[in-house]
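I opened this notebook to record what I looked up in the structure.

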Amino acid sequence: YLAFDERLGRQVALKVLPPEEADQEARARFLREAQALARVQHDNVVQVFASGSDGDVAWMALAYVEGDALGVLLGSDLDEETAVTLCAQAARGLAAVHKVDVVHRDVKPDNLLIDRAGTVRVVDLGVALILEPGRGGERHPRLVLGHLEGAVEHVLAPQHRQDGPELVASPRGQPELRLRQRLAGTVEAAPHPGDEIAPVVEVEM
């Protein structure tokens, strides 16, 4: 929702978790997203201002980004120079996320917002993994039973194709794939979310 902060006199994006969706797991994921965003201070990552609850409704106030998601621009007349510039900004945002031991895990065009000045903001850390100090080798919780959580509509980074340790820099393959998608408008399809990991077909970059 677009909301107005009367105390500070500014527009904010208000993200809420409706009571009908607020089971224990959803609330934990919502709080994790706010905590992950609070760790990052970078021009290419959306800023969280506050979070809390009003009765049964959990909420967080985010910086309002006036513009469009990258997904809206895909397939349009996006020149190569602009595409590379956008991808570089997204990569810088993800690098800032990784620097504070957070793994986004859901990088896709709809989670990259571009404001009117052409600045990219990484958003939606709802399935992010926060790595605690000294736990960089913990097992990846989304690979339990060989199923995936997050965006796998195109392809996984190679190190995500087997049940094993999570690497802080593991989404490296995702920006590369997004750049190809920005330039070509499409990429080879990967398994539908929920399919087994084994059939994932590697995309030649």
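I took a salt bridge to be a side-chain nitrogen of Lys or Arg within 4 Å of a carboxyl oxygen of Asp or Glu. With that criterion, I searched the whole structure and found five salt bridges.

Basis of the entries. I worked on a predicted model, in which local features need pLDDT of at least 70, side-chain atom pairs count only at pLDDT 80 or more, and totals for chains, interfaces and linings use all residues. I number residues from 1 along each chain as its sequence is written, and side-chain values use heavy atoms, with hydrogens and water left out.

Entry on Glu33 and Lys15. I noted a salt bridge between the side chains of Glu33 and Lys15, at 2.9 Å from N to O. Glu33 sits in helix H1 (residues 24-39) and Lys15 in strand E2 (residues 10-17), so the pair links distant parts of the chain, 18 residues apart. I read Glu33 as buried, with a relative accessible area of 3%, and Lys15 as partly exposed at 26%; here buried means under 20% relative accessible area, exposed over 50%, and partly exposed in between, with a 1.4 Å probe and protein chains only.

Entry on Arg116 and Asp68. I found a salt bridge between these two, with the closest N and O atoms 3.9 Å apart. Arg116 lies in the loop between strand E7 (112-115) and strand E8 (120-122), and Asp68 in strand E5 (residues 67-69), so the pair ties together parts that are 48 residues apart in sequence. Helices (H or I, at least four residues) and strands (E, at least two) are DSSP runs, numbered from the N terminus. Arg116 is exposed at 62% relative accessibility, whereas Asp68 is partly exposed at 34%.

Entry on Arg121 and Asp115. I recorded a salt bridge here with the closest N and O atoms 3.1 Å apart. Arg121 is partly exposed, at 22% relative accessible area, and Asp115 is buried at 17%. I also noted that salt bridges with shared partners join Lys15, Glu33 and Asp124 into one network.

Entry on Gln89. Is Gln89 buried or exposed? I found Gln89 to be buried, with a relative accessible area of 9%. Gln89 lies in helix H3 (residues 80-99). A polar atom of the Gln89 side chain is 3.0 Å from the backbone oxygen of Gly118. Leaving out residues up to four places away in sequence, Gln89 touches Asn44, Gly118, Thr119 and Val120, where contact means heavy atoms within 4.5 Å.

Entry on the whole protein. I counted four helices and nine strands. Of the 205 residues, 41% count as buried.

Key: A polar contact is a pair of N or O atoms within 3.5 Å; within protein, one must be able to donate a hydrogen and the other to accept it, and residues adjacent in sequence count only if both atoms are side-chain atoms.
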